[in-house]
Amino acid sequence: MPSFTLPRITRITRTHKIAVAVLAAAGATSGLAMTSAPDTAQAASAHAPAAVKPVDAKGQPGKADDAKTGRAVTASVAGHTKVADVAEQHSTQQAASRSAERTDVKNYSNNLDGWIRQSLDIMKAKGIPGSYEGLHRNIMRESAGNPNAVNGWDVNAVNGTPSKGLLQVIQPTFDSYHVSGTPKKLTDPIANITAAANYAADKYGSIDNVNSAY
């Protein structure tokens, strides 16, 4: 091997040692800096404000359980409020429903027009045919609109069963064709009309088809 190789290695080795020494010194300085960091953090922590603790009504420090209890009470109050709101909403809906039901109930006038209209609604519910015109026309011919009219001279009267009421119905016919839900009184306007319309529907198809004594 050439004679100059060993001195070169020696120089490299010496340079390496110098570098190691420099790094060691730098590490020591860095170690000092790292050591001082906890001191700075501790100092900052020392100046930080203390955590706010709960106090009771007298200003005395409260317990952690008190805070939990407060949250529980708050949640309970909120739940009660929701229940109250639901109850109030339900009550409002029921009131609205009752109001709608009252609106659906018709107020019929206590005269011929009201009697015919109420009878028509009952007839519609029972499936009995007939119109306002058909009822009114026959009523005016039979009784002139008098619910207490009585025929005392025809054959029915002679036989002891006089025709009575708006549509001049005899008692046996009324009993056979009486419409449930109406009074069982021959001269009651609604009962008389609906029974006569029921009879006419059975015998003639509808009160509208009746144009003379029936």
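Okay, some ground rules. Because this is a prediction, local features need pLDDT of at least 70 and side-chain atom pairs count only at pLDDT 80 or more, while totals for chains, interfaces and linings use all residues. Residues are numbered from 1 along each chain as its sequence is written, and side-chain values use heavy atoms, with hydrogens and water left out.

Let's start with charges. Side chains of opposite charge can pair when their charged atoms come close. I'm calling something a salt bridge if a side-chain nitrogen of Lys or Arg sits within 4 Å of a carboxyl oxygen of Asp or Glu. By that rule we get 4 salt bridges, and I'll walk you through some of them.

Go to helix α3, residues 112-126. Helices here are DSSP runs of H or I, at least four residues, numbered from the N terminus. Arg117 and Asp113 pair up there, N to O, at 3.1 Å. They're 4 residues apart, about one turn of the helix.

For the cut-offs, buried is under 20%, exposed is over 50%, and partly exposed is in between, using a 1.4 Å probe and protein chains only.

Now hop over to α4, residues 132-142. Arg137 and Glu133 make a salt bridge at 2.8 Å, N to O, and they too are 4 residues apart, about one helical turn. Arg137 comes in at 25% and Glu133 at 46%, both partly exposed.

Then there's Arg141 with Glu142, where the closest N and O atoms are 3.1 Å apart. Arg141 is partly exposed at 33%, as is Glu142 at 23%.

Okay, on to α7, residues 189-204. Its 16 residues reach 21 Å from first C-alpha to last, close to the 22 Å expected at 1.5 Å a residue; that expected span is 1.5 Å times one less than the number of residues.

Last stop, the ends. At the start of α7, a side-chain oxygen of Asp188 reaches to within 3.2 Å of the backbone nitrogen of Ile190. Just after the helix, Gly205 takes a positive phi of about 95°.

Note on methods: Helices (H or I, at least four residues) and strands (E, at least two) are DSSP runs, numbered from the N terminus. A polar contact is a pair of N or O atoms within 3.5 Å; within protein, one must be able to donate a hydrogen and the other to accept it, and residues adjacent in sequence count only if both atoms are side-chain atoms.
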